[in-house]
Structures are given as structure tokens and as C-alpha cells.
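User: Hi! I have a new model open on my screen and could use a hand reading it. Can we go through it together?

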Amino acid sequence: MKKTLLAAVAAVALVWSAGPAADAATPDDTLVMAAQIDDIISLDPAEIFEFSGAEYGAQVYDRLVTYDVNNVSDIQPMVAESWEVSDDGKTFTFRIREGITFHSGNPLTAHDAAYSLQRAVKLDLSPAFILTQFGFTKDNVDQMITAPDDRTLVLQIDQPYAPTFVLYCLTAGVASIVDSKLLQEHEVDGDMGHAWLKNNSAGSGPFMLQQWRPSEALSYTAFKDYWRGATGLDRDFDSHVPEAATQRVLLELGDVDVARDLLADQLNELRNVDGIVIDEAPKGTLRYLGLHVQRVPFQNEKDRQGLKYLGDYDVMVKPILAGQFK
């Protein structure tokens, strides 16, 4: 059992080398990023539930709907160009956009969208609860999520929920749309292509997976036929650099374009350095204290609760986390 100690909004800092602080050695058409990416354990969106994996999925896969990152209350069409909700709030009907192709060249249809959601429920891996909370099970999902034709996807949920809640859940990585034809070609013993997709990709997003070396590097190439237009970059290379101090050195030398995990002191020291740009944005995250609840005194709920009240959150946020958290 984990007791949440601190729920926070962290300032996520992307630190860019923009010259002239460094004689950048990175190619103009490639973004090179230093980050801690050893949390990635799988490339299958039905299994991804880690921060770095989620960022990978957002580059390689599309979803039915999305939202404006600067205004998260603004839910926007993506693969679904429009949708309707029945009067009883239990049936969502999506109109799938025409002209989208997967990286394989296969056309994306409502059947792929249905397969993707059904697959996530049936595999029942870490993020599946985001979908199964709406009453989907391995036994009923083929009847509750259907594609009557190539352009229509129908979701029938178990009871009325706020439509925005359902739609927000469909922006999650587990709702990514996968290439059903490609995965069926790689299916082994009824695994719906899971073993293959752990190390490969089957998306329609702006970037295609080039290579993943666990705990080392992740690289992408731009998908030239992406339905929303060119990305402006030909390649992206993410290198696993666990030490923040090393990330800073690489940034200042021009060996990387972006450093993702610099600490507060390092960020403050770089704020006035020519050619370095610090781009900050809010991000929801959790910090928690894990307790062994089968041992004294943590078997007692009141003792666990007492630790929460003992925490001096102002001290944590200000001197220790140096203003990066609220």
C-alpha cells in the first residue's frame, strides 16, 4: 500500500541550446535530447504506463480525440472528426476521419479504432483500467465497442458519466489507435501482436520508430505522409543520460539540443547564459512515500496518517524543491 505524501504541480523544464553559448555539433534536421528514459519497459501502447513511454506514444500514435496542451479544457477532434452522445449518455458515436494512413501504408479505419480499444481491454495490462472502468470486459468488449462501417465507431458504456470524462480517458495512451492488419500479421498464440509490439511500432503518428535500445537510446524519423502535415524535423534522437550534471555539460558543449532533467540549481545558473533557453510548463505529478504496512507501526492506519500530518510541505516545496513545485 502506498500513502500519497505530496501531490504537486511540477514545472517541467525543457532547456534548449540555441547558440552562441555552444558551437552546436548536432545536425540541423535532427533534434537531439538528453533525458532519463530508462523507465521505458515496452513500446506497446496497451502496456505503456511510464512517463517516457507516454511521450514516445504521443509521437508515434494518434488517438480519437486530443486536447490543447495550453488549455486542457478544450477537447479537440483528432482521428475522430466529430462525435455524438446519446440522450441517455451511454452511447458515443464517432465519425472517423478519411485519408489517414498508418506508417505501413495501410489505411486507418473505424475497424482499427475498435480493434485497438478491444485489444487494450483484452490484454488487460497496467493502463487498461482507464477503459475498463466504463464496464468493458474481455467477455463483452466486442459487443460494446463496434465499427458498423469504415467511418463509424460506436462505444456503449455501462452507465452515464460526464461526457468530458469519457472523452478525456480516450486521450490517454492506452486508447492509441494501432494498425490492426499489421498486428494480426505478427500475432503469436493469440497475443494480438503484443510480443512483437513491445519492441516495434504500428502507428499513424507524426514520427515513426527507428530504433529503441532499452536504457540507452530511442530514435525516430518523421512520417512524411502524416495527415496533419510535416513536423519540421526529419529525425529525433533521445539519449539516456541519467545524471543531470552530465546533461548540462552536453548541453553547454552543443552535443545535445535539449536537456530534460536539470535540477533547480542548474536551471537557475543557466537562466542568464547566452544561447540557452529555458522553456517551462506546468505538469501534474505525484511524489509519495511507500510504507511496509505489514510491519509495526505502519499496520495502523492512524500511524500512517500521522506521517502525512508530520510533513512540512512548505519546506519541501520551497527550500528543497526550490520553487519547482506547488
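**A walk through the model**

Analyst: Happy to! Let's begin with helix 2: its 14 residues should span 20 Å at 1.5 Å a residue, and its end C-alpha atoms are 20 Å apart, so the two values agree. The expected span is 1.5 Å times one less than the number of residues. Helices (H or I, at least four residues) and strands (E, at least two) are DSSP runs, numbered from the N terminus.

User: Before we go on, what kind of model is this?

Analyst: It is a predicted model, where local features need pLDDT of at least 70 and side-chain atom pairs count only at pLDDT 80 or more, while totals for chains, interfaces and linings use all residues. Residues are numbered from 1 along each chain as its sequence is written, and side-chain values use heavy atoms, with hydrogens and water left out.

User: Back to helix 2, then. How many of its residues are buried?

Analyst: 12 of the 14 residues of helix 2 are buried, so the helix is mostly covered. Buried means under 20% relative accessible area, exposed means over 50%, and partly exposed is in between (1.4 Å probe, protein chains only). Among the buried ones are Tyr115, Leu117, Arg119 and Val121.

User: What does helix 2 pack on?

Analyst: 4 strands form an open sheet in the order 5-6-8-7, with antiparallel pairing. Its edge strands are strand 5 (80-85) and strand 7, each of which pairs on one side only. From one strand to the next, the twist averages 20 degrees. Helix 2 packs on this sheet and touches strand 6, strand 7 and strand 8, and its direction makes about 170 degrees with that of strand 7. Those angles run from 0 to 180 degrees between N-to-C directions, with axes fitted to C-alpha atoms (for helices, over the stretch in contact).

User: And what holds paired strands together in general?

Analyst: Strands of a sheet pair through backbone hydrogen bonds, either parallel or antiparallel. Here, two strands count as paired if DSSP finds at least two bridges between them. Strand 5 and strand 6 run antiparallel and are joined by 5 bridges. Trp83 has Phe94 in strand 6 as its bridge partner.

User: Who are the neighbors of Leu117?

Analyst: Leaving out residues up to four places away in sequence, Leu117 touches Leu64, Leu131, Ile145, Leu153, Leu155, Leu170 and Ala175. Contact here means heavy atoms within 4.5 Å.

User: New topic: charges. How many salt bridges does the structure hold?

Analyst: It holds 10 salt bridges. Each is a side-chain nitrogen of Lys or Arg within 4 Å of a carboxyl oxygen of Asp or Glu. In one of them, Asp44 and Arg119 meet at 2.6 Å, N to O. This pair links distant parts of the chain, 75 residues apart: Asp44 is in the loop between strand 2 (30-35) and helix 1 (51-60), and Arg119 is in helix 2.

User: Are those two buried or exposed?

Analyst: Asp44 counts as buried because its relative accessibility is 0%, and Arg119 counts as buried at 2%.

User: What about Lys198 and Glu47?

Analyst: Lys198 and Glu47 form a salt bridge too, with their closest N and O atoms 3.1 Å apart. Lys198 is partly exposed at 24% relative accessible area, whereas Glu47 is buried at 14%.

User: Last one: how do strand 9 and strand 10 pair?

Analyst: Strand 9 (residues 207-213) and strand 10 (residues 217-222) pair in the antiparallel sense over 6 bridges. Met208 stands opposite Thr221 in strand 10. The hairpin of these strands has 3 residues between them, and Ser215 takes a positive phi near 60 degrees there.
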